[in-house]
Amino acid sequence: MSDVRFLVTSEGAGQRLDAFLGAQDACPSRSACAKLVEAGEVCVNGETCLSKKLVLAEGDRVEVELPEPSDAGPVVGQAIPLDIRYEDDYLIVLSKQRGLVCHPAHGHDSGTLANALVYHCGLDHLGTLQGEDRPGIVHRLDRDTSGLMLAAKDDDTQRALQDLIRLRTLDRRYIALCHGYIAMDSGTINTGIARSTRDRVKMAVSDDPFARQAITTFKVLERFEAKRGDDGYTLVECHLYTGRTHQIRVHMRHINHALVGDPLYGIGSERSNLGLDRQFLHSWRVRFDHPVTGESIECRDELPWDLAAAYDEIADRSMGRTAEGEDIIPQLLME
């Protein structure tokens, strides 16, 4: 993805969002820009905008995430195992394994979740609002973040699920193990997030006018004593109200509690990272009202083996679980 930013001048004021974007040299056609808006890839004044009909005013700040150009053609199905937790005619809830990229991108032309979804459903039975190269994808998890995520089998369902995310009614909960002792039992992190000006691979907390608002809340589940070589650990449940790139990883580093094992934002040695070569971050619960049937859907997912092993390594250093931890941790470890 590449970020493109525009400041609306007097000439652009009064134009619809899709028309404004379609007229910019850096953007594709108006119809393609309309799809980017529907896919949640466009922000106006720091907030995701899903209305291509929005009329812009002078001074508005517009940011677009443009997909990298690809000559690979339609996504081809590949027999990659899918751990499906719920499926019907409209959507899928699955548990993504670590190391699996969500969709084709530079350096990952195949072997992605999108390839697996095409093999499982067929290319004509997946939503394409995110683009022809991202069939079925509703929201993304980082390559080495594991756990629950959603896929949609048609455009209407994909649009409805993205609306639930935008309206913050699709409840997504993550488990993270952080370096250090978090004294407060709960907290809210509300900042702007933008691409780092120092390292374009990274995101960063930013007060740049084009930064996207990002809100994460967390609850402490368990704390672990420090010993020589580390500052102790805190296990938390994070609740996403927005879905910015690397959001939890950036936010926890921002409050000086980087995720254990994080190769991009982390701290410490291999020993203090408990031998992990990926961030201790797992999407453990999703809950939402089905956009077609109205049924309440809730899925939960235990920790994968590598994260469970890291937890076991420090279990004897526990300083006690909170009330939330007493409820949640047994579900994660199948106790």
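Analyst: A residue is buried when its relative accessible area is under 20%, exposed when over 50%, and partly exposed in between (1.4 Å probe, protein chains only). The structure is a predicted model, in which local features need pLDDT of at least 70 and side-chain atom pairs pLDDT 80 or more, while totals for chains, interfaces and linings use all residues. Residues are numbered from 1 along each chain as its sequence is written, and side-chain values use heavy atoms, with hydrogens and water left out.

User: Why does Leu274 count as buried?

Analyst: Leu274 has 10% relative accessibility; the limit is under 20%, so Leu274 is buried. Leu274 lies in the loop between H5 and strand E13 (281-289).

User: What makes the phi of Leu274 worth noting?

Analyst: Its phi is near 60°, a positive value in a residue other than glycine. His246 likewise is not a glycine and has a positive phi of about 60°.

User: Where is His246 found, and how do you know whether it is buried or exposed?

Analyst: His246 is in the loop between strand E12 (233-240) and helix H5 (247-254). Its relative accessible area is 14%, and therefore His246 is buried.

User: What makes Thr322 a buried residue, and which residues does it touch?

Analyst: Thr322 has 13% relative accessibility and so counts as buried. Not counting residues up to four places away in sequence, Thr322 touches Asp185, Val220, Leu221 and Arg223; a contact means heavy atoms within 4.5 Å. Thr322 is located in the loop between strand E15 (318-321) and helix H7 (323-333).

User: How close does the side chain of Thr322 come to the backbone oxygen of Val220?

Analyst: The side chain of Thr322 reaches that backbone oxygen at 2.7 Å.

User: How do you know whether the radius of gyration of the chain agrees with that of a compact globule?

Analyst: The radius is taken over C-alpha atoms, and the globule rule is 2.2 Å times the number of residues to the power 0.38. For 335 residues a compact globule would have a radius near 20 Å, and the chain has 20 Å, so the two agree. The C-alpha trace spans about 60 × 40 × 40 Å along its principal axes.

User: How many helices and strands does the chain have, and what share of its residues is buried?

Analyst: The chain has seven helices and 15 strands, counted as DSSP runs numbered from the N terminus (helices H or I, at least four residues; strands E, at least two). Buried residues form 52% of the 335 residues.

How values were computed
A polar contact is a pair of N or O atoms within 3.5 Å; within protein, one must be able to donate a hydrogen and the other to accept it, and residues adjacent in sequence count only if both atoms are side-chain atoms.
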